[in-house]
Amino acid sequence: MIAKREIWNYPEEARVWVGKYRNSHNLLHWHYDCELICVESGSLEVFCEKKKQILHQGEAFFTDGGQIHYQRACEPDTVLIVIVFDAAIIRPLLEKYQLASPKLYRQYPIPEHYARLRSILTERRPFYGTEAKCAVCELMLEIFRGEQLVHRLENDRTEEAFKRLLEDVQTRYAEYTFEDAVRFMGMSEAYFSRYFKAMAGTTFSQYLNYVRTDNAVRLLLEGDSRTMTEIAEACGFATIRNFNRIFLEFTGYAPSRLPKDFILGDRFSCPSRQAFNPTLYDCVLIESSDVPHPAPAPQA
């Protein structure tokens, strides 16, 4: 999973976006906005705060700004309600406290608030931005009153370093090594291995191989004129044999037989300074508030 920062674009008057997805399935990412999701039907696996959890129909999950997370539907036709908003809207609630668990353990009228917000953001009557912010505050106040709270911790410098590491790997993937990553994080090899697996849900070696394969796929789809051996070397694979084996493992195809319309499984990558949408191609946005959502950056 290629982890990147997601940047949301809002209209000037409202720092809120709402929508519904069918078969939601995105990659490891983070953003400095807050995200509230609720499973309307089906079930969903979520990874956040180094834990995987399963949400069932009616259950909800709140991701605070800056938390690394991903989610994927566990069964076909899972429908997910999503409310994303600027953390500044509820800053008074977040200054001293945070939820003890991202998963909400009580029932809240999230579908009703979603419908209300969608109406506000779609109709855009005068002062709709203020109205949307008030609706978000009303819902989040109810949630913060109903859930267990803990005192907010100071920013985890190690987690911020981890995010920078992921961006460093994405920039220098061809030459990057396990030893480079260990030095970057200032950890012992054993501790780094455990920490990376806990944070990303995969090993560093698997992550690095996926980044390299993702870039090899990009070059092949662009029609790069270099030989297969040269592409393998440019992407950081030591030998053509190693390249072929890993490429087949992740894509299901030999490099020379990659379909022209191929999309690399459930991954998507782009420079972190650009806005991007971590939502994957097998996921469908079935309705939204009509507020511009970040579109995938061009592959070329």
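These legends go with close-up views of a predicted model.

**View 1. The whole protein, before zooming in.** The protein has nine helices and 12 strands. Of its 300 residues, 51% are buried. Take the contacts between residues at least 6 apart in sequence: 75% of them join residues at least 24 apart.

**View 2. Helices H2 and H3, packed side by side.** H2 covers residues 110-123 and H3 covers residues 128-146. The two helices pack at an angle of about 170°, and their axes are 9 Å apart. Angles over 145 degrees count as roughly antiparallel, so H2 is roughly antiparallel to H3. On the H2 side, look for Ile-110, His-113, Arg-116, Leu-117, Ile-120 and Leu-121; on the H3 side, they meet Tyr-128, Glu-131, Ala-132, Ala-135, Val-136, Glu-138, Leu-139 and Glu-142. Sorted by type, the residues of this contact come out as nine nonpolar, one polar and four charged.

**View 3. Phe-127, in the loop between H2 and H3.** Phe-127 lies in the loop that links these two helices. Check its backbone: phi is near 65°, a positive value in a residue other than glycine. Most residues other than glycine have a negative phi. Is Phe-127 buried or exposed? Its relative accessibility is 67%, so Phe-127 counts as exposed.

**View 4. Asp-77, another loop residue with a positive phi.** This time the loop runs between strand E8 (69-73) and strand E9 (79-86). Asp-77 isn't a glycine, yet its phi is positive, at about 65°.

View 5. Ser-43 is found in strand E5, which spans residues 43-48. With a relative accessibility of 6%, Ser-43 falls under the 20% cut-off and therefore counts as buried. Which side chain does the Ser-43 side chain make a polar contact with? It's the side chain of Glu-75, at 2.8 Å. Leaving out residues up to four places away in sequence, Ser-43 touches Ile-54, Leu-55, His-56, Ala-73, Cys-74, Glu-75 and Thr-78.

**View 6. Helices H5 and H6, crossing each other.** H5 takes in residues 178-185 and H6 residues 189-200; they pack at an angle of about 90°, with axes 10 Å apart. Angles of 65 to 115 degrees count as roughly perpendicular, so H5 is roughly perpendicular to H6. H5 brings Phe-178, Glu-179, Ala-181, Val-182 and Met-185 to the contact, where they meet Glu-189, Phe-192, Ser-193 and Tyr-195 of H6. Six of the residues in this contact are nonpolar, one is polar and two are charged.

**View 7. Met-187, in the loop between H5 and H6.** Met-187 lies in the loop between the two helices of the previous view. Is Met-187 buried or exposed? At 14% relative accessibility, Met-187 counts as buried. If you set aside neighbours within four places in sequence, Met-187 is in contact with Thr-158, Val-182, Phe-192 and Tyr-195. You've already met some of these: Val-182 of H5, along with Phe-192 and Tyr-195 of H6, also takes part in the contact of H5 with H6.

Methods:
Residues are numbered from 1 along each chain as its sequence is written. This is a predicted model: local features need pLDDT of at least 70, side-chain atom pairs count only at pLDDT 80 or more; totals for chains, interfaces and linings use all residues. Side-chain values use heavy atoms; hydrogens and water are left out. Axes are lines fitted to C-alpha atoms, for helices over the stretch in contact, and angles run from 0 to 180 degrees between N-to-C directions. Helices (H or I, at least four residues) and strands (E, at least two) are DSSP runs, numbered from the N terminus. Angles under 35 degrees count as roughly parallel, over 145 as roughly antiparallel, 65 to 115 as roughly perpendicular and the rest as oblique. Contact means heavy atoms within 4.5 Å. Ala, Val, Leu, Ile, Met, Phe, Trp, Tyr, Cys and Pro count as nonpolar, Asp, Glu, Lys and Arg as charged, and the others, Gly among them, as polar. Buried means under 20% relative accessible area, exposed over 50%, partly exposed in between (1.4 Å probe, protein chains only). A polar contact is a pair of N or O atoms within 3.5 Å; within protein, one must be able to donate a hydrogen and the other to accept it, and residues adjacent in sequence count only if both atoms are side-chain atoms.
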